[in-house]
Amino acid sequence: MEHTQEHGACLEQTQKYCVERPIYNQEILQGQLRRRDRTPQTLRQKIAHSCRCSSKKAKSHLYSFLPILKWLPSYPVKEYLLGDIISGISTGVMQLPQGLAYALLAAVPPVFGLYSSFYPVFLYTFFGTSKHISIGTFAVISMMVGGVAVRQVPDEVISVGYNSTNTTYASEYYSDRDFKRVQVAVTLAFLSGIIQLCLGLLRFGFVAIYLTEPLVRGFTTAAAVHVFTSQLKYLLGVKTNRYSGPLSVVYSIVAVFSKITTTNVAALIVGLTCIVLLLIGKEINLRYKKKLPVPIPMEIIVVIIGTGVSAGMNLTESYGVDVVGNIPQGLRAPAVPEIQLIPAIFVDAIAIAIVGFSMAVSMAKIFALKHGYTIDGNQELIALGICNSVGSFFQSFSVTCSMSRSLVQESTGGKTQIAGALSSIMVLLVIVAIGYLFEPLPQTVLAAIVMVNLKGMFKQFGDIAHFWKTSKIELAIWVVAFVASLFLGLDYGLLTAVTFAMITVIYRTQRPQYRILGQIPDTDIYCDVEEYEEVKECPGIKIFQANASLYFANSESYTNALKKKTGVDPCAILAARRKAQKKHAREIKKANELKKKAVLKLVNSSSNDVEGNVKHEIANDELPVNGKSLDELEHFVEPETNIHSLILDFTPVNFVDSVGAKTLKSIIKEYKEVSVHVCIASCSGPVMNELTRLNFFDNNVTRELLFHSIHDAVLACQVKHRSASQTASDL
């Protein structure tokens, strides 16, 4: 008890520090500091240095490009292998039904979803840096791919031209339309992979920062609505065209409800039953996840049950239920994508590349932070680029990280990329050996799997209430991303959302918060005078702070806010002064006219008393003019301000452009004309260098106006004012 009381007493003691030093401005500080000698490298030297190769550098680049060479030799088999095996099997069991289901979203036959669940996943094991994310098919990316495929090959297309090899394969397994859509999806994967690979090699991993969390969440919520509406036709068993582009979600809903009377009741019952079973399974997994050794693989259970029921009851022949259909056994030979399609899908490929990378790297960062390792954003770009571009030669469409599978892979004990490799091997076994068993699987079962997996995305509607409380601007970004993506389509919606997000950045810099700072008594700490009662302004000194940089877009608002907050407007003071001086000149002129009249009065007057009084008034300039004596007019007091110093706090300023520098110079000049001394405090080194490059400093504006801290500036202003006052009193 005594120890606790002593500890509390120690905490109550205020720690103090006392520093005695001169008042520093930048001129004095730069004079006392010695700069390090830095020899700038020429462009030729930089290129030569970057191209120089050594064994150590080559090894580092190799390990960076192939991370598996770094972690696999030291893989702790006894500690990690069992967890990776269990995790790989659990993830693979999810990978199978999701691959089949998301192929429908991509508007390609289901087997291509299996190809996309094998090749990219296996490749990521070698090139990826995240130990826990599950690469493969994902609803949002599949929906974007499907939108492009349907736009390029609408439902009305019956036959298209192919070379002889492709025609033979298409006629044997799929319709010409489906095969052409496969070519579009494959080429899109190839192009998006090349874009990701190039961005990674050029170290452009930072592009993901432009997709902020509210933007991504609003975009994926809209994508969930698109996905849900696209699956209604399969759930109800109705035949409608698939739409893409602006208002496609509206057209899809109208098309489904216009055919609602043709609903296949058997398909609907099977689909609703699967939805109920999946929701129950997910709820059990969520509620008892700590007690269950592995999550219940409800998706594969539903697929097996649905396939068995369909085959046993012959749902296709008896009730007209659409099924997956032909699944070719074995792997296809590699083929070159249709290069001639690239110009038509280039913009879509950019959107898919950036969205795919953004989702993968965001999940990778979450797991890396949780488990205490680092990921390389640029290498993740390279890995995804290789997965998509190389996978496209083997008929896979664009892939990224799946949130649901990644959570399963991590929660079931996955430790390394081995878990992902094992899940891909499970998919390979299905493709090679038992894929044909899933041919009777009803499409309504796959639609049920897709719809239930959207549950997490639909929960993102709760973001509206969250952002309403925390940030109205982020709420606006979320709403714009959602509405634009919902009605304009995912491609144009993403472009609109990114543009709007950038506009909000400009808006924030144009409308920053402006404050007048004051001193906490007996300290060198300065805070907002409107926020704290104890904070007091220094007499005769205004300290102005704006939490934004000073550049062309906000320089005018900065100046206006400065005048409004400080209450000192040099233009208004000078205008009032000129007006007063003109009025003073008129009154002096009027006084002189009165003098002349007085002289005439003196000449014409015969009274000695009047003569004496007038002489006295003329001699002493006491003739009244508008209630003022001539002496008062001659000593007219011009409009003045009680502020003698103005300090601009540059602590939040990150950069200044040429317009900002001119604005700053203009402020200093204008306030000098009304006898207000302007100085700048807490200017960072990079901003100082920018001001130097912009020729901000000259004979009138020197580095003596810049101070290391606000307190230095305040003390310097007080000393300067006292000195000026003393000089004026001496005169």
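The model is a predicted one, where local features need pLDDT of at least 70 and side-chain atom pairs count only at pLDDT 80 or more, while totals for chains, interfaces and linings use all residues. Residues are numbered from 1 along each chain as its sequence is written, and side-chain values use heavy atoms, leaving out hydrogens and water.

The protein chain has 731 residues, and 47% of them count as buried (under 20% relative accessible area, 1.4 Å probe, protein chains only). Its secondary structure comes to 32 helices and eight strands (DSSP runs of H or I, at least four residues, and of E, at least two, numbered from the N terminus).

Now for a helix pair. α12 and α25 (residues 490-510) pack with their axes 11 Å apart, at an angle of about 160 degrees (axes are lines fitted to C-alpha atoms over the stretch in contact, and angles run from 0 to 180 degrees between N-to-C directions). The two helices are therefore roughly antiparallel (angles over 145 degrees). L215, F219, A223 and H226 of α12 make the contact with L490, L494, A497, V498 and A501 of α25 (heavy atoms within 4.5 Å).

Most residues other than glycine have a negative phi. R203, though not a glycine, has a positive phi of about 60 degrees, and lies in the loop between α11 (176-201) and α12 (213-236). S682, in the loop between β7 (677-681) and α31 (685-693), also has a positive phi of about 60 degrees.

Conventions. Buried means under 20% relative accessible area, exposed over 50%, partly exposed in between (1.4 Å probe, protein chains only). Angles under 35 degrees count as roughly parallel, over 145 as roughly antiparallel, 65 to 115 as roughly perpendicular and the rest as oblique.
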